[in-house]
Amino acid sequence: MSEIRVLVGTRKGAFVLSSDASRKTWKVEGPHFAGWEIFHVKGSPAAPERLYASQSSSWFGQVLHRSNDAGKTWETVGNQFLYDGTPGTHKWYDGSPHPWEFKRVWHLEPSLDDPDKLYAGVEDAALFESADGGSTWTELPALREHKTASEWAPGAGGMCLHTIVIDPSNKDRLFVAISSAGTFRSDDAGKSWRPINRGLRSNYIPDQDAEVGHCVHRIAMHPSRPNVLFMQKHWDVMRSDDGGESWREISGNLPTDFGFVIDVNANEPDTVYVVPITSDSLHYVPDGKLRVYRSRTGGDDWEALTKGLPQRDCYVNVLRDAMAVDGLDPCGVYFGTSGGQVYASPDGGDSWTAIVRDLPAVLSVEAQTIP
Amino acid sequence: MIHVVLPANLQTLAGVGRLVEVRVSGPVTQRSVLDALETGYPALLGTMRDAVTKKRRPMIRFFACEEDLSDESLDALLPDEVASGKEPFLIIGAIAGG
């Protein structure tokens, strides 16, 4: 019988939540790295017992951990993220040129078929890769050296590369998203990149449909349909049917189209989930109600999923890396909140229960399906 | 032996207690003590100072003998009491609260 593991990064440690395929009773292990801010924990699809964790703090900098036994034990691995050559400058908040400075790893994306290979998305925005299980890291510099990079500028959360999507049908094709530069695609395993932001409109930049400058919060893909991408932008939920060449808005009847997370049902490529957030000034859910919205039509037409979720006096946020789906049928959907709850739905979103209610603020959630 | 006191988070990371001992050959300076510490406990590499520039992390302080040595030269000699092992070299995480 399959097992599900949900890997949770929080402001004060990491937690591993596990259940059998019924997804009714959960075992909670942690905190791992107690007291440390864990931006992201992710397992290798090729070897699910291999986990990677990104630990970051304002005091002690970046630390990376690796586990070979699903989080029972951990070892520290390489934390040297050196930009290739002499890094140039990007725009600072006041418009002045600012040198690229490594701050932290936001997102780890293990290879689909090699447990020792993984990518790291970092702040200030750049993409690194490791071929030795995270012991050493090399930048893929073409992204940071893109001709538009000197014009990239950080949003309030920092200039972070937070999303890495590997095309399972073509491992040379990579998608990344950067706040607040936009989405980029490589068709040659990171040797070259181009912005893929046509169709995005953002009223917080002078040229609203500029080639770069859009604050993309998250992109998601169903593995069976790699040319279809879904995006939660700072404002607007978007869809591309041509590998990012063009985007169209699918916000439809959402109560607000601001938000951070977006994900796709593992069995239904046109079933998409978002968690609308009131606005960029009010980083909590609208009307005191925690609602996941599901579209079964690939966007535009959305239904509120509320069963088991608090429908009064709720003012939590759900951050960009804090939603995941498992690979079972019906699909399990998971998300974590700034209030420390991790909710699970074993039935594709129809009903929800809190696996845990009182963790530290949740930064990331990933789900593993163990055969 | 030089005695070094670590903040709680670094104790967890290195898997040690509050006080660790390191051996330094040659002049006892911030640089040589931190070098010895990072050699003995590689998990600490980059957590107290930048691994390349060796610049102290802004929210880390170095104290000894009731003095704040954080802004002293990396190559300045530490007090004799630290060099002789009588007094510890303290690595402190800046306080924060709310």
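**View 1. The contact between chain A and chain B in the predicted model****.** In this predicted model, the contact draws 13 residues from chain A and 15 residues from chain B. On the side of chain A that touches chain B, the largest share comes from strand S6 of chain A, residues 61–67, which supplies 3 residues.

**View 2. Chain B and its order of elements****.** Chain B holds 3 helices and 5 strands, and, read from the N terminus on, its elements follow one another as β-α-β-α-β-β-α-β. The C-alpha atoms of chain B fill a box of roughly 40 × 25 × 25 Å when this is taken along the principal axes. The radius of gyration of chain B is 12 Å, which is close to the 13 Å that the globule rule gives for 98 residues, and chain B is therefore as compact as a globular protein of that length. Of the 98 residues in chain B, 27% are buried. Among the contacts in chain B with a separation of 6 or more, 53% are made by residues 24 or more positions apart.

View 3. In chain A, 4 strands form an open sheet in the order S3-S2-S1-S30, and their pairing is antiparallel. From one strand to the next, the twist averages 15 degrees. Strand S1 of chain A, which covers residues 3–10, pairs with S30(A) in the antiparallel sense over 8 bridges, and within this part of the sheet A:Leu7 stands opposite A:Glu366 in S30(A).

**View 4. The largest nonpolar core and A:Val365****.** The largest nonpolar core has 125 residues, and those with the most contacts inside it are A:Val6, A:Val8, A:Val176, A:Tyr334, A:Val342 and A:Val365. If its neighbours within four places in sequence are left aside, A:Val365 is in contact with several residues, including A:Val6, A:Val8, A:Tyr334 and A:Val342. The contacts of A:Val365 also include A:Ala322, A:Met323, A:Ala324, A:Phe335 and A:Gly336.

**View 5. A second open sheet of chain A, from S18 to S21****.** This open sheet of 4 strands has the order S18-S19-S20-S21 in chain A, with antiparallel pairing. Strand S18 (216–221) and strand S21 (248–249) of chain A are placed at the edges, and because each has a single partner strand, one side of each is left without a neighbour in the sheet. S18(A) pairs with strand S19 of chain A, residues 229–233, in the antiparallel sense over 5 bridges; here A:Met221 has A:Leu229 in S19(A) as its bridge partner.

**View 6. A:Leu328 in a loop of chain A****.** A:Leu328 has its place in the loop between strand S26 (323–325) and strand S27 (333–336) of chain A. Because 18 C-beta neighbours lie inside 10 Å of A:Leu328, this residue counts as partly exposed. Apart from its neighbours within four places in sequence, A:Leu328 is in contact with A:Ser2, A:Ala21 and A:Thr369. A:Leu328 and A:Leu51 are 277 residues apart in sequence, and from C-alpha to C-alpha they are 20 Å apart in space.

Technical notes
Residues are numbered from 1 along each chain as its sequence is written. Chains are lettered from A and ligands numbered from 1 in the order in which they are written. This is a predicted model: local features need pLDDT of at least 70, side-chain atom pairs count only at pLDDT 80 or more; totals for chains, interfaces and linings use all residues. A nonpolar core is a set of buried Ala, Val, Leu, Ile, Met, Phe, Trp, Tyr and Cys residues joined through C-beta atoms within 7 Å. A residue is buried if 20 or more other C-beta atoms lie within 10 Å of its own, exposed if 12 or fewer, and partly exposed in between; C-beta atoms are placed from the backbone. Two residues are in contact if their C-beta atoms, placed from the backbone, lie within 7 Å. Two strands pair if DSSP finds at least two bridges between them. Helices (H or I, at least four residues) and strands (E, at least two) are DSSP runs, numbered from the N terminus. Axes are lines fitted to C-alpha atoms, for helices over the stretch in contact, and angles run from 0 to 180 degrees between N-to-C directions. The radius of gyration is taken over C-alpha atoms; the globule rule is 2.2 Å times the number of residues to the power 0.38.
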